[in-house]
Amino acid sequence: MGDSRWTRVGRHCYNTRQHKARPVRTPGGKLKAQRVYKTTKGPKCSDCQCMLQGIKHHKSSQYHALKKRERTVSRAYGGSACAGCVKQRILRAFLLEEQKAVKKVLAERAGK
């Protein structure tokens, strides 16, 4: 059994939120420090502020390096609005068009 002690790498040794590490055993039996990076809250819906499903949580600076299929979902407003809000937008637009058509028919009847 190897030694159970391990030291941190880098400039300072404090266990802060930014500088987390966990021990990892190497094939040679030594313990080394592996850096644990902070996670983000991830992208939110632009309308209702709920978390977007199907998109991984990365730093905003890392999204440009991802593939397009990892940044969005294949739907209208894929990476910015959730499915419920998109459904509401479509329904609202449809009902507005229906309302315009009804007004037009009523105006034609009133004109006769």
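## A positive patch

Arg17 counts as exposed, because its relative accessibility is 64% and exposed means over 50%. The model is a predicted one.

Together with Arg35, Lys38 and Lys59, Arg17 forms a positive surface patch.

## Two domains

The chain is split into two parts: domain 1 covers 1-38, and domain 2 covers 40-111. How many Å separate the centres of domain 1 and domain 2? Taken over C-alpha atoms, the separation is 44 Å.

## Gln49: a positive phi

Now look at the backbone. Gln49 has a phi near 65°. That is a positive value, and Gln49 is a residue other than glycine. Where is Gln49 found? Its place is the loop between strand S2 (31-36) and helix H1 (68-71).

Is Gln49 exposed or partly exposed? Gln49 counts as partly exposed, because its relative accessibility is 48% and the label exposed needs over 50%.

## Tyr77: another loop residue

Tyr77 has a phi near 55°. Here too the value is positive in a residue other than glycine. Tyr77 sits in the loop between H1 and helix H2, and H2 runs over 83-111.

What does the surface say about Tyr77? The relative accessibility of Tyr77 is 46%, so Tyr77 counts as partly exposed.

Note on methods:
Residues numbered from 1 in each chain as written. Predicted model: local features only at pLDDT ≥ 70, side-chain atom pairs only at ≥ 80, totals over all residues. Heavy atoms only, no water. Helix = DSSP H or I, 4+ residues; strand = E, 2+ residues; numbered from the N terminus. Buried < 20%, exposed > 50% of the residue type's maximum accessible area, 1.4 Å probe, protein only. Domains from an automatic or database assignment. Patch = residues over 30% accessible without salt bridge, like charges linked within 9 Å, V, L, I, M, F, W, Y side chains within 5 Å. Areas by Shrake-Rupley, 256 points an atom, 1.4 Å probe, with all protein chains shown as cover. Salt bridge = Lys/Arg side-chain N within 4 Å of Asp/Glu carboxyl O. Lys, Arg positive; Asp, Glu negative; His and termini not counted. Charge placed at Lys NZ, Arg CZ, Asp CG, Glu CD.
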